[in-house]
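Thanks for making the time this morning.

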Amino acid sequence: HEQYVTQYRAVFVVNCKVDKDRALVHNTVPSKVGKRRRDSEEKETLSAHSERVNSVVCSTCSTEIGVLDSEEIYHFFNVIPSEP
C-alpha cells in the first residue's frame, strides 16, 4: 500500500467473507490537528468526504481482516502477506 506499509489491497481473494450486514464509514479526508472548526463545518466535511465500506472477515474464524470499498477493492490489515 502506498500510504500504509502494513496494509494490502487486492481485487481477488480466497478464504474471505464480506459481512454485508455490517457497513462502516471511512473518512477519506485526514483530520487536521490543532485546527478548530464549528460542528456544522465538521459534519459537512464528514458527509462530503466519507465512504461506506463493508467489513471483510476470515471465512474460517470470522476475524475481521479488512474492508471492501465501493469500487470492490479489498483493503486488508492485521494480515501476513503470502506468495501463491
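What you are looking at is a predicted model, in which local features need a pLDDT of at least 70, side-chain atom pairs count only at pLDDT 80 or more, and totals for chains, interfaces and linings use all residues. Residues are numbered from 1 along each chain as its sequence is written, and side-chain values use heavy atoms, with hydrogens and water left out.

Let me begin with confidence, where pLDDT is the predictor's confidence in each residue, from 0 to 100. The protein chain averages a pLDDT of 78, and 67% of the residues score at least 70. Among the elements, the lowest mean pLDDT, 51, belongs to helix H1 at residues 39–48, while the highest, 94, belongs to strand E5 at residues 74–76.

Helices (H or I, at least four residues) and strands (E, at least two) are DSSP runs, numbered from the N terminus. Of the contacts with a separation of 6 or more, 54% are between residues 24 or more positions apart, a contact being heavy atoms within 4.5 Å.

Now to the pairing of strands, which requires that DSSP finds at least two bridges between them. Strand E3 (residues 50–58) and strand E4 (residues 64–68) run antiparallel and are joined by four bridges, with Ser55 standing opposite Val67 in E4. The two strands form a hairpin with five residues between them, and Ser62 in that turn has a positive phi of about 65°.

Within E3 I would also point to Asn54, which at 22% relative accessibility counts as partly exposed; the scale is that buried means under 20% relative accessible area, exposed over 50%, and partly exposed in between, with a 1.4 Å probe and protein chains only. Leaving aside neighbours within four places in sequence, Asn54 is in contact with a set of residues that includes Val18, Asp19, Lys20, Gly66 and Val67. The C-alpha atoms of Asn54 and Glu72 are separated by 9.8 Å, with the two residues 18 apart along the chain.

How much of the chain is buried? Buried residues make up 15% of the 84 residues. The largest nonpolar core has five residues, namely Val56, Ile65, Leu68, Tyr74 and Phe76, and the elements that give two or more residues to this core are E4 and E5. By nonpolar core I mean a set of buried Ala, Val, Leu, Ile, Met, Phe, Trp, Tyr and Cys residues joined through side-chain atoms within 4.5 Å. Tyr74, again leaving aside neighbours within four places, is in contact with Tyr8, Arg9, Ala10, Val11, Val13, Val18, Val56, Val67 and Leu68.

Cys58 is buried, because its relative accessible area is 17%, whereas Cys61, at 48%, counts as partly exposed.

Asn15, in the loop between strand E1 (8–10) and strand E2 (16–27), has a phi near 60°, a positive value in a residue other than glycine, and Asn15 is exposed, with a relative accessible area of 56%. Glu72, in the loop between E4 and E5, has a phi near 60° too, likewise positive in a residue other than glycine, and at 58% relative accessibility Glu72 counts as exposed.

Finally, Val79 lies in the segment after E5 and is partly exposed, with a relative accessible area of 29%. Leaving aside neighbours within four places in sequence, Val79 is in contact with Tyr8 and Ile65, and the C-alpha atoms of Val79 and Gly66, 13 residues apart along the chain, are separated by 8.8 Å.
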